Amino acid sequence: MRHFNKICKQIRALSPRITVSEERGCIVLRGVVDDWNTVVKAGQLAVDKKNYLGVINDIRLKGFKQNKTLPTVQDQSLNGEKPDVLIIGGGIVGCAIARELSRYQLDILLVERKADVALGATGANGGVVHVGVNFSKKSLKHRYNLRGNQIYPALSKQLSVPFEQKGQVMLCVKNWERILVWILKLKARAMGISGVTYLKRDALRQHEPHLPDFVIGGMYMPTGGITSPYEMTIALAENAVANKARISLNTQVTSMETSNRQIIHVGTNKGRLYPQIVINAAGVYADEIAEMGGDRTFTIHPRRGTDIITDKKSGYMVRSSMGISPFAILPHQLSALPKNPIKRMINGFTGKSHTKGVGLIHSIHGNMLIGPNAIETPDREDTATHGDEVNSILEMQKQIATELKSSDVIAYFTGIRAATYEEDFVVRKGLFTDNIIHAGGIQSPGVTAAPAIAEEIAGWCIQMLGQSMKVVVNPDFNPLRIAPPRLNTLEDSKRNALIRENPDYGMIVCRCEEISKGEIIDALNSSLTVPTQDGIKRRLRPGMGRCQGGFCGPLVARIIADHFNIPLSAVKKSSENSVILYHQAKGAPQ
């Protein structure tokens, strides 16, 4: 009772319009306030991990209504289906779970409300495979990150997804920071993270040659890596489908009926489903899915982050992923970090910092990524970019990448992190509903942790299903995904041989990324076909170069139209609502 009274007192001091109650082992907040920061602050004050399961923050922001992007499809194509496992969410975690479960002879159905996989937080991720020294040793983030980091080298080879392990670097600018770095090194050793060391400036330049003059050295962490998060997710999905899992895109979960601690059926825009087990991997809507399933103990508060992409010509400025020490004080320090250096130090040791700050990342394709920042927002789909934020990020990072120019920027994008108030993953079996499993609150390091989360959740599923049926290993499971050829990675002799075999490989569509017509047709014939401009972009990168699709975009649309024998006006950019051409121009070729 003492803990509850303390929470009540703190929140009443914040706003008298907020009520606090204790329900089913959770702290529940309700009320209406005028400011979103008050909602977030109340949720943070309510966290008490030792005495409560979690925070259910149902405080409403006056005048705000969440607008959801919903699929336009309304049919009965899935009505009456009885999958053994229903996975809700087509991000990297959901697709990794589908692939892991396809090792068994099960009816696996993954539903994703958007027009492709990896269109939420996964697709807006920088692609860093994290070391994890900044997390709390007791956190689920640390547990799954450590295992996931170990899985990535082999998994990337199996799925033919690009992956590099060039490490991560934390830069130091003051001599006194070396003491703190040595403490972090000890923390890393206690957490099972190997190879972390402090390097003086000259030694560090062997890993990062373009250090700014003020850097005296830094912490080098060799297990850090880089991948392409959307390519990894697509590969996981394609391999799952090749092993008999099913994926239904443009499929929105709208309701659930529960009885006697069981989900009986799940309503969707494509009919009613009757799964044995439901896996909640719904990203920013994971708490709403948990609520539908009668098993909510957490709340997602969206956190927006913007990244900047530069031309490949500036990619030389960073070789791995590199950021300034969280203890350093620079003129344009990220506002989301505590200004007090002692507090920054404590947060760095305990894993309580809510952002690792803005950094530089050498992308797997050679660009430099800059970001992200961290902005709390009430809108779960607020992916707008703002000029002042882009400029702030850019100016801050020009201190590290001293040769960086604004003209190097070719694009920027914003994603939404699915943060819980506890700032940790929610990966567990249902507490009040027996046939649901949650993979919620998956923000950074979600890409790194995904294969480890999938391993554990698949194991739980097999155990749970084994109580009512015999679960048999899939004798035809093939962990390998043989990716179609990428001509820009091949030697001239192999490329020429392919072109002789199929002249479409000799027709370059995207000059920036050197993508051929043959590769685009391969993608249109894949096991998970998404015949949109953005679908092809995520699979092959046409439109991701300096011209951002200015030259290749119309050509890609024409190839899609010709391949499926549809009018050019029927080709979409991303979803059914993203029209490119409203009608065929008079006299234009069909």
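This is a predicted model: local features need pLDDT of at least 70, side-chain atom pairs count only at pLDDT 80 or more; totals for chains, interfaces and linings use all residues.

User: How many bridges join strand β16 to strand β24?

Analyst: Three bridges join β16 (residues 277–280) to β24 (residues 436–440), and these two strands run parallel.

User: Which strands make up the antiparallel sheet?

Analyst: That open sheet has three strands, in the order β13-β14-β15, with antiparallel pairing. Its edge strands are β13 (253–259) and β15 (271–273), and each pairs on one side only. The twist averages 20° from one strand to the next. Within this sheet, six bridges pair β13 with β14 (residues 262–268) in the antiparallel sense. Ser259 stands opposite Gln262 of β14.

User: What is the sense of pairing between β2 and β3?

Analyst: Strand β2 (residues 26–33) pairs with β3 in the parallel sense, over seven bridges. In this pair Val33 stands opposite Leu61 of β3.

User: Now helices. What describes two packed helices?

Analyst: Two values are used: the angle between the axes and the distance between them. In the case of α4 (residues 140–159) and α11 (residues 446–465), the axes come within 6 Å and cross at roughly 100°. That angle makes α4 roughly perpendicular to α11.

User: Which residues of α4 and α11 make the contact?

Analyst: On the α4 side they are Arg143, Tyr144, Asn145, Arg147, Gly148, Asn149, Ile151, Tyr152 and Leu155. On the α11 side they are Val447, Thr448, Ala449, Pro451, Ala452, Ile453, Glu455, Glu456 and Trp460. By type, the residues of this contact between α4 and α11 divide into 10 nonpolar, four polar and four charged.

User: At what angle do the axes of α3 and α7 cross?

Analyst: The axes of α3 (residues 92–101) and α7 (residues 229–242) cross at roughly 30° and come within 8 Å. Angles under 35 degrees count as roughly parallel, and α3 is therefore roughly parallel to α7. The crossing of α3 and α7 is left-handed. Helix α3 contributes Ile92, Cys95, Ala96, Ala98 and Arg99 to the contact, and α7 contributes Pro229, Met232, Thr233, Leu236, Ala237, Asn239 and Ala240. The residues of the contact of α3 with α7 divide into nine nonpolar, two polar and one charged.

User: Next, single residues. Is Ile87 buried or exposed?

Analyst: Burial is read from relative accessible area, and under 20% counts as buried. Ile87 has 0% relative accessibility, so it is buried. This residue is found in strand β4 (residues 85–88). Setting aside neighbours within four places in sequence, its contacts are Gly94, Ile97, Ala98, Leu101, Ile108, Leu109, Leu110, Val111 and Ile279.

User: How far apart are Ile87 and Ile436 in space?

Analyst: The C-alpha to C-alpha distance between Ile87 and Ile436 is 10.0 Å, while in sequence they are 349 residues apart.

User: Where is Gly305 found, and which residues does Gly305 touch?

Analyst: Gly305 is found in strand β17 (residues 300–310) and is buried, with a relative accessible area of 7%. Not counting residues up to four places away in sequence, Gly305 touches Pro372, Asn373, Phe413, Thr414, Gly415 and Arg417. The C-alpha atoms of Gly305 and Arg417 are separated by 7.4 Å, and the two residues are 112 residues apart along the chain.

User: Where is the place of Ser363?

Analyst: Ser363 is in the loop between β19 (359–362) and β20 (368–371). Ser363 touches Ile226 and Leu369, not counting residues up to four places away in sequence.

Terms used:
Residues are numbered from 1 along each chain as its sequence is written. Side-chain values use heavy atoms; hydrogens and water are left out. Helices (H or I, at least four residues) and strands (E, at least two) are DSSP runs, numbered from the N terminus. Buried means under 20% relative accessible area, exposed over 50%, partly exposed in between (1.4 Å probe, protein chains only). Contact means heavy atoms within 4.5 Å. Two strands pair if DSSP finds at least two bridges between them. Axes are lines fitted to C-alpha atoms, for helices over the stretch in contact, and angles run from 0 to 180 degrees between N-to-C directions. Angles under 35 degrees count as roughly parallel, over 145 as roughly antiparallel, 65 to 115 as roughly perpendicular and the rest as oblique. A crossing is left-handed if the near helix is turned anticlockwise from the far one by less than a right angle, and right-handed if clockwise. Ala, Val, Leu, Ile, Met, Phe, Trp, Tyr, Cys and Pro count as nonpolar, Asp, Glu, Lys and Arg as charged, and the others, Gly among them, as polar.
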